[in-house]
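The model is shown first.

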Amino acid sequence: MIQSLQKAVSILEYMKIENREYSISEISENLNMPTSTTHRILNTLINCDFITKDAKSHLYKLGPGLISLGTAAALNISLQSEAKPILESLSHKSLEDSFLAIKSGNYGVVIGKAVGSHTLKVIENFGREIELHKGAIRKVILAYQSDEFIEKYLSTELDSYIDKSVNKKELEEELQFIKQNKYCVSYGEYIANTAGIGAPVFNYQKEFVGSIGIVVPYYRFQNNETDLIEAVVEASEKLSYKLGYYNPKGHQTN
């Protein structure tokens, strides 16, 4: 019974990749499942309205019975509560404090934090508002705002970084890089001798909801740059998945 349930879940997960109809042979082949088993499970899912079948084309697609389930699940999901174990895991893996931040006007504000084991800390407090162009975690937030918001933000006089003024053209190019690569790295923009790493978090409607990341003393970042970036990106993907986001080109991890 459990095995059949797992196979049914696999079918539903596969069919949500694209908004289209599927043949039974396509489902069977891609999931390495016997056609007879696939047919039996599909019929069960049809009875639950989780799958529908076109009488003429004999193709299958996701059914209306999933809508109420998805809506109910979405209402029960809290960004902060879902983020807590993922932030803790990121801190355990990176040994650094990790943060969850959201947009507040023209600022980014920390709403979640987990503590790493390193004794030398970078201070980043709950509720502290910092301009969106400062630091990787907040730049990610800026990158995923509307074109109108970004244009208006860049038209204002931007507060300088610690050791230099803001080059708006470079910032604009950096925002484009973030959207293309889904992560950001910054260097000492509002805390001296540090590096920041941030990555975006999305919900079930594929909407940007926040940024997750770490701020690291620069000498530790230099020694572990690739692993730290990978850890932050993995954490952002895990949290997005927990919020119902599905990206067939990305890495989904339970």
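How many helices and strands does the protein have?

## Overview

The protein has 10 helices and eight strands; helices (H or I, at least four residues) and strands (E, at least two) are DSSP runs numbered from the N terminus. This is a predicted model, in which local features need pLDDT of at least 70, side-chain atom pairs count only at pLDDT 80 or more, and totals for chains, interfaces and linings use all residues. Residues are numbered from 1 along each chain as its sequence is written, and side-chain values use heavy atoms, with hydrogens and water left out.

Of the 254 residues, 42% count as buried (under 20% relative accessible area, 1.4 Å probe, protein chains only). Among contacts (heavy atoms within 4.5 Å) with a separation of 6 or more, 53% come from residues 24 or more positions apart.

## The sheet

Six strands form an open sheet in the order E5-E4-E3-E8-E7-E6, with antiparallel pairing; two strands pair if DSSP finds at least two bridges between them. Strand E5 (129-131) and strand E6 (184-187) are the edge strands, each pairing on one side only. From one strand to the next, the twist averages 35 degrees.

E5 runs antiparallel to strand E4 (residues 107-114), and three bridges join them. Valine 109 has glutamate 129 in E5 as its bridge partner. Helix H10 packs on the sheet, where it touches strand E3 (98-104), E6, strand E7 (194-202) and strand E8 (208-217). The direction of H10 makes about 25 degrees with that of E7.

## H5 and H10

Helix H5 (residues 79-94) and helix H10 (residues 225-242) have axes that come within 10 Å and cross at roughly 160 degrees; axes are lines fitted to C-alpha atoms, for helices over the stretch in contact, and angles run from 0 to 180 degrees between N-to-C directions. H5 is therefore roughly antiparallel to H10 (an angle over 145 degrees).

The contact involves Leu79, Glu82, Ala83, Ile86, Leu90, Lys93 and Ser94 of H5, and Leu228, Ala231, Val232, Glu234, Ala235, Lys238, Leu239 and Lys242 of H10. By class, the contact has nine nonpolar, one polar and five charged residues; Ala, Val, Leu, Ile, Met, Phe, Trp, Tyr, Cys and Pro count as nonpolar, Asp, Glu, Lys and Arg as charged, and the others, Gly among them, as polar.

## H2 and H3

The axes of helix H2 (residues 24-31) and helix H3 (residues 35-47) come within 9 Å and cross at roughly 115 degrees. Ile24, Ile27 and Ser28 of H2 meet Thr35, Thr38, His39 and Leu42 of H3. This contact has three nonpolar, four polar and no charged residues.

Note on methods
Angles under 35 degrees count as roughly parallel, over 145 as roughly antiparallel, 65 to 115 as roughly perpendicular and the rest as oblique. Buried means under 20% relative accessible area, exposed over 50%, partly exposed in between (1.4 Å probe, protein chains only).
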